[in-house]
Amino acid sequence: MAHNLITRLGVAAGIVAAAIAFAFLSIISQARMLDEDGRTGEVAGRIQTFGIVGLIGASVALLLLAAYLARYIVIPMRDVTSAAEELAGGDLTVRVREQGDAEPVALAHAFNELASNLQTEQQQTEVALTALAAEKRRIETFHRAGERLAAARDLTELATIALAELMIAAGADSGGLWAVEPDDQRELVLEAAMGVDPAMLPRFLRPDDSPAGRAITTREAVAVDRGKRSELHLPLVVGSRAIGVMSLYRDGTPAFPPSDRDTLLRLAEQVSVGLSNAVSYRSALRAARVNRAVLDATPDPVGLLGSDGELVAHNAAMAEIWRQYPGVDVGGGGGEERDVLELGPRAYSRYAGPVRDDTGERMGRLVVLRDITAERESERLKDEFFALVSHELRTPLTSIIGYLELVCDNDEELSADTNRFLEVVDRNAKRLLRLVGDMLFVAQVEAGRLSLERVALDLGQVLADSVEAARPTAERAGVRIRLETTEVGHIDGDRDRVGQLVDNLVSNALKFTAEGGEVVVAMRAEGGDRVLVAVGDDGMGIPAAEQQHLFERFFRSSTARSRAVPGVGLGLTIVKTIVEAHDGEISLESKEGVGTIVRVLLPLRVEAAA
Amino acid sequence: MSRVLVVDDDPDIVDLLRLRLELAGHTVRTASNGELGWEAILDEVPDLAVLDVSMPRLDGLSLTRRLRGHAETAGLPILVLTAAVQTADAENAIAAGATAYAKKPFSPKALALRVQAMLEDPGA
């Protein structure tokens, strides 16, 4: 192109020069023709001279023009042209000398500006490309981490992957990751370690007591330079909650550059979400496992029934029931139910009722069975024991007491001694009978099986019978016994039990009264609808401190023990039980050395209801 | 002069009752268990039966039920003896068809009076 331009300029200059030369040659030839004519010889000579001078001047001018063109236009143009070619070839460092005329200088200047701008832009582009490549690598890391994290099955695996990715991204040699323990908010537990023996890292971390702890507390990266080793502690944060910390270590220099920290923090933040989910999941799994274990360890069958009556959840014991009795209806109806379910040889107490979640929404129907077969069996054994004791002890006593009566009723005359001996036998047989009765009574009450056979009972008659029966004993002890009753009507009572109650009170009073003393059995109406029975003595009395224990089973007062008064400590317990079973009240008043009085209030029978 | 059958597996009790009831002027037959009692009744229906509850082979309550299911003995006065302390046992005796029951230990004299009363008024 430069060549062409110069060629064209040369051709153009040549044509102009030829045209000028031709013009001057024409002038010279015209002058000669004029000269031949001779008419104008002097003028022709002048014109010829002018033509020659003009031709020489034109040639010189033409040479000067050519030199000018080459020096100020063509050479700068060629320089710019070749530089432009180099620029086009990719060399942005190329520059041209700014020389020649104003226009070529301007052109060269503009070219240099252009080249300089291009170079700056290229440099910026290169920087941008480098940044872009770094970003691409980072995104690739994120992506890879994300994929691997998503594939991780549990917290430990997740923590290991997260730690590995962060270590690669940070160029760390080793590292550790601690995550929160859902059950213990105060401590973090080491979940992963790489490039270092896990034993070298603390098993537990507490917020605030180390650089790693500080990272948790401040939610910021904490860098520590220990000379031989650099550390970077990155908090693992989800929302505002720190769920863990990652510590990265690098031996020697350089330390982790601050410029990397933002990237690493972002990466840490990314893995935190997954880790947090894994922490929650593990916690939920653990809770579920605990619940499952507790449920399965529960010996009682437990199940949750859905709306269609199918088992939604159950424990091992319920599964066993289900296996043995497929399709058995354990759920029952709608509301709360408590009853007994008989399944084969076993009996279950059953509770069934609705279950609601914490929002009050109905989740189904809970069924809890409790195997009461053994309890039933023990109840049955207790019954058998009752029957056995009743029969085996009372049957021989029946013979003893019956034959004694037969002997005494016999018309045959017995010696005084024989009579006395028989009396002793009779007394002791009756005492033994009472003792057996008392023991059985207490056992029965214990078992919650006290049943009363209530009839219209003449309490005055019961008292009289008791006193009569006690009279021989009283006489032998040298104690007077007195009955003071007024007619009060009937009570609604069990004849045997009320008799037992009065016998016990009288027998107690006699036992604790010394020779020469007196026992009074009194009865009167109290307030129109109740009857008061009082058994008093002027015996030894009961120490105040012991009085509160008198109604306790097997309690025996210090006086009873020290004076070897016979008994097992059941008398007053039985009295109180019988009184309460008859809707009555009992109170005791006693003073040491003065005596004791027991008062029993019983409701009178409502005759209209009889 | 009535015929009373006493059924109890305890020979002492049987003797005691026999002595007492004979003193009261009755003719007494005895048996030592329910099955033998049943055979004795089939042999000769008495005017009254005293049956112990707890006996081998056939207990008093089962015998009572069997007697009540038998035309000839459906109306036989039956006195059941029970050594149990629980009221439920007495109720069981009545439910089985006994006319009356007495708890062991009993006074032989009182029991003889009871038998007398039942013979005079079979409805009591």
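Let's start with helix H2 (residues 34–43) of chain B, whose buried residues are Gly34(B), Gly37(B), Trp38(B) and Ile41(B). They span an arc of only 100° around the axis, so they sit on the same side of H2(B). This is a predicted model, in which local features need pLDDT of at least 70 and side-chain atom pairs count only at pLDDT 80 or more, while totals for chains, interfaces and linings use all residues. Residues are numbered from 1 along each chain as its sequence is written, and chains are lettered from A and ligands numbered from 1 in the order in which they are written.

**Terms used above and below**
- Buried means 20 or more other C-beta atoms within 10 Å of a residue's own, exposed means 12 or fewer, and partly exposed is in between, with C-beta atoms placed from the backbone.
- Helices (H or I, at least four residues) and strands (E, at least two) are DSSP runs, numbered from the N terminus.
- The arc is taken over directions from the helix axis to the C-beta atoms.

**Around H2(B)**
- Turned away from the buried side, the other face of H2(B) carries the exposed residues Glu39(B) and Asp43(B).
- The cover over the buried residues includes strand S1 (3–7), strand S2 (27–31), strand S3 (48–52) and helix H3 (60–68) of chain B.

**Chain A: confidence**
- The mean pLDDT (the predictor's confidence in each residue, from 0 to 100) is 83 for chain A, and 92% of the residues score at least 70.

**Chain A: an open sheet**
- Five strands line up as S13-S15-S16-S18-S17 (chain A) in an open sheet with mixed pairing; strands count as paired if DSSP finds at least two bridges between them.
- S13 (480–485) and S17 (585–591) of chain A are at the edges with a single partner strand each, so one side of each has no neighbour in the sheet.
- S15 (residues 518–526) and S16 (residues 530–537) of chain A pair in the antiparallel sense over 8 bridges, and Arg524(A) stands opposite Leu532(A) in S16(A).

Technical notes
Two residues are in contact if their C-beta atoms, placed from the backbone, lie within 7 Å.
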